[in-house]
Amino acid sequence: MEDKYALITTLVAAIVLAFMLGFVAQRLRLSPIVGYLLAGVAVGPYSPGFTADVELALQLSEIGVILLMFGVGLKISIDDIWSVRWVAAPGSVFHTLLSAGLGCVVGLVLGLPFLESAILGASVSVASTIVFLRALEDRKLLKTEAGRIGVSWLLIEDLLIVLSIVVLPALVWSLSAEDANVSPWRIAGALGITMAKIVGFIALIMVVGARVFPWLIIQIAHTKSRELLSLGTLALALGVAWAAYYWFDASFALGAFLGGLALNGSKFSHKVAEDSLPLRDTFAVLFFVAVGMLFDPGVLLRHPLMVATIVSVVILGKAGLAYLLMRAMNQPPHASVILALGLAQIGEFSFVLAGLGMQLGVMSAETNNLILAAALISIALNPFLLRLAPEPPLVRAPPQPAPGESVA
């Protein structure tokens, strides 16, 4: 009976408890995210009482990431992204590599094997898309220079992590004694094929999708059916995300973002964004609940020093590197601080990498718990950190001449 209604019971437990604890957190002047995370811990397998289905919760939370990225694509234009390419592209690549290296060194210092340390470093190098974008929207910074850089930065970061997920199995096989036939050329070939697929998918969406998707939404809107328009929007977001993952080896998030980007600027793009907002908010909450469900609180008692060290890398190390890179590229201090603090957390792709490491037998369950602990703590602290960021400077209008006064 429990298995038969696993989806319903998981949804009910997650949403009801998230609402209750999120409301309490809000009344205590804390971020509601803290309440959502605690709701996940309460219904997770490491707490007494009812245990929700973790796998179902993770899949539901993935829908939240898809809808959020689809909504971002509707708001951010190609011109916005292209205008910051010389900052976001090199900054994201260097930040990911430096953060991964720092995490790897910390893993070695903590006594982990090299490959496990490398996976730890890669896991802490990537920030949660849903956390950062939600923070930007809450502070109305999505359309600012810092917001455009942040969105582009995260997209490039996601591409790098997708490549890491592809190359990790080949790397493990090449280092194992049982399979010595995997050469660097085979690893490079796997990367090349994945990159070609992703580039092909981006080209397909930007050339074909940019023409077909707006036309399709207009045809649906002409039916004057609100239900069909909402359903068509959801089908488009989920369908493109699934196609990106299944046929092109890209992430759900990238596919959804490109789908929204193809609709950007169309006649009904604002209506589409407005209709999808309730679903985006609901499933975004499920993402935080799923993070809490994965967390084993006992790791805080077993390895407090290791948890504190990894959290320091995530918050202090990543924020410091991001700030220095932004300033080295002559970016203003306020934008540098906002981006640095926004990246001082880890999320969804960290769990994917760590889970893949466990499947391949090169990461222990305890190291996975350390990553989850760092994720939960950094996500909970991130809204408080962003409150320290300065407000963007006001742009003052030029003084107007008095009536009859010459402008020259």
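Biologist: Which residue does the side chain of arginine 148 meet in a salt bridge?

Modeller: Happy to start there. This is a predicted model, in which local features need pLDDT of at least 70 and side-chain atom pairs count only at pLDDT 80 or more, while totals for chains, interfaces and linings use all residues. Residues are numbered from 1 along each chain as its sequence is written, and side-chain values use heavy atoms, with hydrogens and water left out. A salt bridge here is a side-chain nitrogen of Lys or Arg within 4 Å of a carboxyl oxygen of Asp or Glu; at 2.6 Å, N to O, the partner of arginine 148 is glutamate 145.

Biologist: How many residues apart are arginine 148 and glutamate 145 in helix 8?

Modeller: Helices are DSSP runs (H or I, at least four residues; strands are E, at least two), numbered from the N terminus. Helix 8 covers residues 145-175, and the two partners sit about one helical turn from each other because their separation is 3 residues.

Biologist: Is arginine 148 buried or exposed?

Modeller: Buried means under 20% relative accessible area, exposed over 50%, and partly exposed in between (1.4 Å probe, protein chains only). Glutamate 145, at 35%, is partly exposed. With a relative accessible area of 17%, arginine 148 is buried.

Biologist: Which residues are linked in a network of salt bridges?

Modeller: Let's build it up pair by pair. Aspartate 296 bridges to arginine 302, with the closest N and O atoms 3.0 Å apart. Arginine 302 also forms a salt bridge with glutamate 366, where the closest N and O atoms are 2.7 Å apart. The linked residues are therefore Asp296, Arg302 and Glu366.

Biologist: How many residues apart are arginine 302 and glutamate 366?

Modeller: Their salt bridge has its closest N and O atoms at 2.7 Å. The pair links distant parts of the chain, with arginine 302 in helix 13 (residues 299-302) and glutamate 366 in helix 17 (residues 365-386), and the separation is 64 residues.

Biologist: How many salt bridges does a search of the whole structure find?

Modeller: Among them is the pair of arginine 148 and glutamate 145. Aspartate 296 with arginine 302 is another one of them. For the whole structure, the search finds 3.
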